[in-house]
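Subject: A structure to look at

Hello,

Here is the structure I promised you. Please open it first, then read my notes alongside it.

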Amino acid sequence: MARDISERNRAEEAPKEAELSARLLQAQDEERRRIARELHDEVGQLLAAIGMNVAQVVREKDKLSPAAARSAEDMRHSIERASAEIRTVSYLLHPPLLDEVGLPTALRWYADGFAERSKLKVTVELTDDFPRLTQDYELSLFRIAQECLTNIHRHSGSFTAFVRLSCVDEKVELEIRDEGKGINQEIQSKINSGASVGVGFRGMQERVRLIGGKLTVHPNPNGNGTSVLVTLPLNEEALAPSESTALNPDAAGEEDRSRAQGLSL
Amino acid sequence: MVEEPRILIVDDQPNVRKALRWYFQELKLECSEEENGLDALQKAQQAKPDLVILDFSMPVMNGVDAAKVFQQAMPEVPILMLTAHFGIADKAAKDVGVLGVFSKDNIAPLVKQTRTILKIREL
């Protein structure tokens, strides 16, 4: 059946595998963004229109039989619930604020919503004047924070979560800490050495690797629990064109222009 | 003449198919692609793949249903599954004879398994 096609060394293959990973992650991000937009723009708008019609029926419920009036009320509540669900799912699939206002605001917004849904106390600490990063970098960091918070909620047993995003000395740091039961030393070592340890961490490591950063896991320095730390260099590649070309406005790139177009829509 | 191993890629997302096709063609494998399980089954009758890579979640016929039908129609063809819903897909897929389920977030194990199945040696 198959032919041995070897004659290719591993060093030659590794960049191709990394490129495949990058393409697949990008494809998934694009798909999530598309579904989020469709849910919000199509289904969300349709539900809003149905909601308005039902509200009209409810306003005139005196003209209905008691059973029909009850049904109209039930329908109004169901539509409100469905609209809220659509909004949440759509935002989780792709945070709309991220493209428009950037990572710090999107993270704060997400943490607020997460705290409300999970009942965890979430503290967010952000550096002032955090620069705009390119779309890939911002989305990767956002997804990592999202995954870590989900892990804390599902697995850590912690009642609190702490998110820190900072930019100091040409270095971006994203740290997510909890005060839960912690991750045992052996698994921490495996994660820190890049070994496979469950899909969530593998996905995060892959994202970090693709943007040239590093992800490490430590015990929470302030007590019980775990700290996940992502560090990456703040170089030209990481900065959005508007940031990296602040001194040279003529060099503003395509991404910047499309971002501006997106805002004007 | 020895023929190149043939892979049939089935995924409803064009960018995922494109990425996998690009990679496997770099490995000198012959690739064909379909966007759902039903079309893939028809294609497989002619293309006679050495390996099928199915997405878990697809329109018309999802990956698990497609794997079931593939197993009946061509039990000799190994099937791997790729998914964004890791954990949900795993058991359902293995129950219908899929050899491995892999996350789209971490592609290295899929590549390794493909190499093993098709006996592509790493030097």
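Start with helix 1 of chain B. After this helix comes B:Lys28, whose phi is positive, near 65°. Keep in mind that the model is predicted.

How far apart should the ends of helix 1 of chain B be? The helix has 13 residues, 14–26. At 1.5 Å a residue, they should span 18 Å. The end C-alpha atoms are 18 Å apart, so expectation and model agree.

Which residues of this helix are buried? They are B:Val16, B:Arg17, B:Ala19, B:Leu20, B:Tyr23 and B:Phe24. Look down the axis of helix 1 of chain B: the buried residues fall within an arc of 165°, so they line one face of the helix. An α-helix has 3.6 residues a turn, so residues three or four places apart point the same way.

Now try helix 3 of chain B, residues 63–73. Its buried residues are B:Gly63, B:Val64, B:Ala66, B:Ala67 and B:Phe70. Seen down the axis of helix 3 of chain B, they fall within an arc of 155°, so they too line one face. The face turned away from the buried side carries the exposed residues B:Gln72 and B:Ala73.

What covers the buried residues of helix 3 of chain B? The cover includes three strands of chain B: strand 1 (6–10), strand 3 (51–55) and strand 4 (79–83). It also includes helix 2 (37–47) and helix 4 (89–95) of that chain.

Strand 4 of chain B brings us to B:Leu80, which lies in it. Is B:Leu80 buried or exposed? A residue is buried if 20 or more other C-beta atoms lie within 10 Å of its own. B:Leu80 has 21 such neighbours, so it counts as buried.

Leaving aside neighbours within four places in sequence, its contacts include B:Leu51, B:Ile53, B:Val98, B:Phe102 and B:Leu110. B:Ile9 is 71 residues away from B:Leu80 in sequence, and their C-alpha atoms are 9.8 Å apart in space.

Last, chain A. It has 9 helices and 5 strands. From the N terminus, the order is α-α-α-α-β-α-β-β-α-α-β-β-α-α. Of its 265 residues, 28% are buried. Take the contacts in chain A between residues at least 6 apart in sequence: 65% of them join residues at least 24 apart.

Best wishes

Key. Residues are numbered from 1 along each chain as its sequence is written. Chains are lettered from A and ligands numbered from 1 in the order in which they are written. This is a predicted model: local features need pLDDT of at least 70, side-chain atom pairs count only at pLDDT 80 or more; totals for chains, interfaces and linings use all residues. Helices (H or I, at least four residues) and strands (E, at least two) are DSSP runs, numbered from the N terminus. The expected span of a helix is 1.5 Å times one less than its number of residues. A residue is buried if 20 or more other C-beta atoms lie within 10 Å of its own, exposed if 12 or fewer, and partly exposed in between; C-beta atoms are placed from the backbone. The arc is that of the directions from the helix axis to the C-beta atoms. Two residues are in contact if their C-beta atoms, placed from the backbone, lie within 7 Å.
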